[in-house]
Amino acid sequence: MASDKATNQRTAANTSPYGFDTLQVHAGTAPDPATGARTTPIYQTTAYVFDDADHAASLFNLQTFGNIYTRIGNPTTAVLEQKVAALENARAATAVATGHASQAVAFHMLMNPGDHIVASRKLYGGSITQLGISFKRFDWHTTFVDPDDIAGFAAAITPKTKAIFVESLANPGGVISDIEALADVAHQAGIPLIVDNTMATPYLCRPIEWGADIVLHSATKFLGGHGNSMGGVIVDSGQFDWAQNGKFPHLSQPSPAYHGLTFWETFGDMAFAVACRAVSLRDLGPTISPFNAFMILTGMETLSLRMRKHCDNALAIAEFLSRHPKVEWVCYAGLETDRYHKLAKKYLPKGAGSVFTFGLKGGYEAGLKLVETVNIFSHLANIGDTRSLIIHPASTTHRQLTPEQREAAGAGDNVVRLSIGLEDVKDLIKDLDKALNA
Ligand code: PLP
């Protein structure tokens, strides 16, 4: 089955004739129809006046697309949604307040109490907590699987499983998911493959073209790219048949919240994106502010330029560190010796991203010393900024875990995570070298 798909790699819902650099500037961003403003205005409004009572009724019945109330949609945010959908080669997108909100909203649309997710064990730590602990309180259960063990994903699926969830390029470990193989496993079970594409961005990897059904983003990271705004996006490939089995009643059965409307029948290949907005975003309420949507849109206009430089800088620094006498190991898929290099060449041919970990020979104390000694790198808990960032997970994000749990999460005592920014690479190397030798 995988080989069929390799020759048959999904082509686009979006058949735009334009290249990525053109789309990142122009997709969704026509001049403002009301004023002619060339840059997307910030529609800082809560609500929108109806033309008349019939117009109001048709908006509330989802018979007409339009603006009602900013919790459900906003014209600035709509531009962000169109741009991300175009860049991911997808059918539609729904923007939300954060990356974590994109996960909560997407799973809310798919799950019922008692349902189950099969997820990669190598995910952003916050996602492990969200899926493994917080979701349990909704009676949603997750089995975590070794991301390299494709058969393990298949074996973990039960009749209650509603999705497979992985990160294309995992934070922080540089693990790359075999999206094509996982899509086959998911589709054989009649469930969608959901891929968090935050670390790769659509410039480096477009999971939908490898068979993913839903793509999620923390737009807080590289999409916005400047470390100034939180955001999340749910991207709908438009390719999943939500009525093929009885597993997704919220999409395939009449909705009590909309007078018996059936999302799949009414909205077809946009059903998931529309239902995420009209039900889950409406009822859970994690809405992105129009200002943050504007900031992320502005960042996205330079996405490819930034990602190229992020990747070039990261590769040069990973090569430097791999030769450094104070460094035990470097985990960066861009290095030819890395165990994920082959998958990187397949899924991320333009670069392996700019977030990676390395191990210090000096252990915990050496990690603390390094983060306190660097000068250009900022010591903080974020990734995907123009600035280079550094963190010692064992003393910060993973400090509540036991040493064994830290080791299993790829956050052992000697591990340091870098998010390489856009500065001059020779300055970054000098900064690290000085701090490592201090
Ligand atoms: N997914 C990944 C890969 C992340 O790195 C993060 C945050 O670091 C998230 C999701 C959550 O995003 P947010 O902080 O915007 O909620």
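Domain bounds here come from an automatic or database domain assignment. For this protein chain, that assignment gives domain 1 (4-299) and domain 2 (303-437), and their C-alpha centres lie 29 Å apart. What you're looking at is a predicted model, where local features need pLDDT of at least 70, side-chain atom pairs count only at pLDDT 80 or more, and totals for chains, interfaces and linings use all residues. Residues are numbered from 1 along each chain as its sequence is written, and side-chain values use heavy atoms, with hydrogens and water left out.

**Where the two domains meet**

- Domain 1 puts 34 residues into the contact, and domain 2 puts in 34 residues (contact means heavy atoms within 4.5 Å).
- The size of an interface is often given as the accessible area lost when the parts come together.
- Between domain 1 and domain 2, about 3000 Å² is buried, and carbon and sulfur atoms give 59% of that (buried area is what two parts lose in accessible area, with a 1.4 Å probe, on being put together, summed over both).
- The rule finds 3 salt bridges across this interface (a salt bridge is a side-chain nitrogen of Lys or Arg within 4 Å of a carboxyl oxygen of Asp or Glu).
- Elsewhere on the list of pairs, Lys 346 and Glu 180 join their side chains in a salt bridge, 2.6 Å from N to O.

**The sheet**

- An open sheet is built from 5 strands in the order E8-E9-E12-E11-E10, with mixed pairing (helices, H or I with at least four residues, and strands, E with at least two, are DSSP runs numbered from the N terminus; two strands pair if DSSP finds at least two bridges between them).
- Strand E8 (327-331) and strand E10 (378-379) are the edges, each pairing on one side only.
- E9 and E12 run antiparallel over 5 bridges, and Phe 358 sits opposite Val 416 in E12.
- Strand E11 (residues 389-391) also pairs with strand E12 (residues 415-419) in the antiparallel sense, over 3 bridges, with Ile 391 opposite Arg 417.

**A closer look at E12**

- E12 is mostly covered, with 5 of its 5 residues buried (buried means under 20% relative accessible area, exposed over 50%, partly exposed in between, using a 1.4 Å probe and protein chains only).
- In a regular strand, side chains alternate between the two faces of the sheet.
- Val 415, Arg 417 and Ser 419 point one way from E12, while Val 416 and Leu 418 point the other way.

- Helix H16 (residues 363-373) lies across E9, E10, E11 and E12, at about 130° to E9.

Technical notes
Axes fitted to C-alpha atoms, helices over the stretch in contact; angles between N-to-C directions.
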